[in-house]
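I opened the model to look up a few things and kept notes as I went. The entries follow in the order in which I made them.

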Amino acid sequence: MANRSVQLTLPSWLDEFLRSAATTYPTDTDRMGLAIELSRLNIEHRTGGPFGAAIFDESGVLVAPGINLVETSNCSLWHAEMVAIAIAQTSMGRFDLSDGGRVRLELFASCEPCAMCMGAIPWSGVTRLVCGAGQQDAMDAGFDEGAKPANWWAEFEKRGIAVQQRVMLEEAAAILRKYAATGGTIYNPKSSRL
Ligand SMILES: [Zn+2]
């Protein structure tokens, strides 16, 4: 019989980390720094892939963290961006984070979105996306970002989502390289082909 509910469980280290972490992140560097730190801690604790994300309000208050939980949750949906979106939406009690255009929330991601997240982010209601590492950095680590247009960001801008790329790229890409160098699992759409 099919499951009638799906649960997203965050690892306990994340709770512990956030208890002693700042609650407000005033600058883009602070916000991206948190996304990258989450990606680093996720591989250190072996709870998922080398990707972190976080959603903030305009003043920098942390609304939701995100880490890649694909392996530990046995669910390919749980990329860091998707986790952050799911936590923000369920904790705020609305599927449109913009609340009909009245609220501006920003998604910071340690790596630019894959094809799945590229599709999901505009539905979420965030109004700004800031990325660290780029597609090439993910590919260099062995990840396949999936089919997406080269100018994916232009489609975001058309929908009122401001995009900024390559923020703290070196720091973000270093986590991807570290994960690949230490033999972390690389899962891809192409690797499911028999
Ligand atoms: Zn993704």
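Predicted model: local features only at pLDDT ≥ 70, side-chain atom pairs only at ≥ 80, totals over all residues.

Entry 1, a cysteine. I began with cysteine 131, which is buried with a relative accessible area of 1%. Buried here means under 20% relative accessible area, exposed means over 50%, and partly exposed lies in between (1.4 Å probe, protein chains only). I then looked for a sulfur partner: the closest cysteine sulfur to that of cysteine 131 is in cysteine 111, 7.8 Å away, which is too far for a bond. A disulfide is a covalent bond between the sulfur atoms of two cysteines. The cut-off used for a disulfide is a pair of cysteine sulfur atoms within 2.5 Å. I noted 0 disulfides in the structure.

Residues are numbered from 1 along each chain as its sequence is written, and side-chain values use heavy atoms, with hydrogens and water left out.

Which protein atoms are the donors of the zinc ion? I found His79 (ND1), Cys114 (SG) and Cys117 (SG), at 2.1 to 2.3 Å from the zinc ion. Donors are N, O and S atoms within 2.8 Å of the metal (3.2 Å for Na, K and Ca); water is not among the atoms, so sites may look incomplete. The spacing of the donor residues in sequence is H-x34-C-x2-C. Histidine 79 sits in the loop between helix 3 (70-73) and helix 4 (80-92), and cysteine 114 in the loop between strand 3 (105-111) and helix 5 (115-124), so this pair ties together parts that are 35 residues apart in sequence. Helices (H or I, at least four residues) and strands (E, at least two) are DSSP runs, numbered from the N terminus. I also checked burial: histidine 79 and cysteine 114 are both buried, with cysteine 114 at 9% relative accessibility.

Is strand 3 mostly covered or mostly uncovered? It is mostly covered, with 7 of its 7 residues buried. Two strands pair if DSSP finds at least two bridges between them. Strand 1 (residues 52-57) runs antiparallel to strand 3, with 5 bridges joining them; aspartate 57 stands opposite leucine 105 of strand 3. Strand 4 (residues 128-133) runs parallel to strand 3, again with 5 bridges, and leucine 129 in strand 4 is the bridge partner of leucine 107. Strand 3, helix 5 and strand 4 make up a right-handed β-α-β unit. Right-handed means that, with the strands pointing away from the viewer, the path from the first strand over the helix to the second runs clockwise.

I noted 12 salt bridges in the structure, each a side-chain nitrogen of Lys or Arg within 4 Å of a carboxyl oxygen of Asp or Glu. One of them joins glutamate 106 and arginine 128 (3.2 Å, N to O). Glutamate 106 lies in strand 3 and arginine 128 in strand 4, so the pair ties together parts that are 22 residues apart in sequence. Glutamate 106 is buried at 10% relative accessible area, and arginine 128 is buried at 17%.

I next took arginine 159 and glutamate 155, whose salt bridge has its closest N and O atoms 3.0 Å apart. Arginine 159 is exposed at 53%, while glutamate 155 is partly exposed at 29%. Elsewhere, salt bridges that share partners join Asp28, Arg31, Glu106 and Arg128 into one network.
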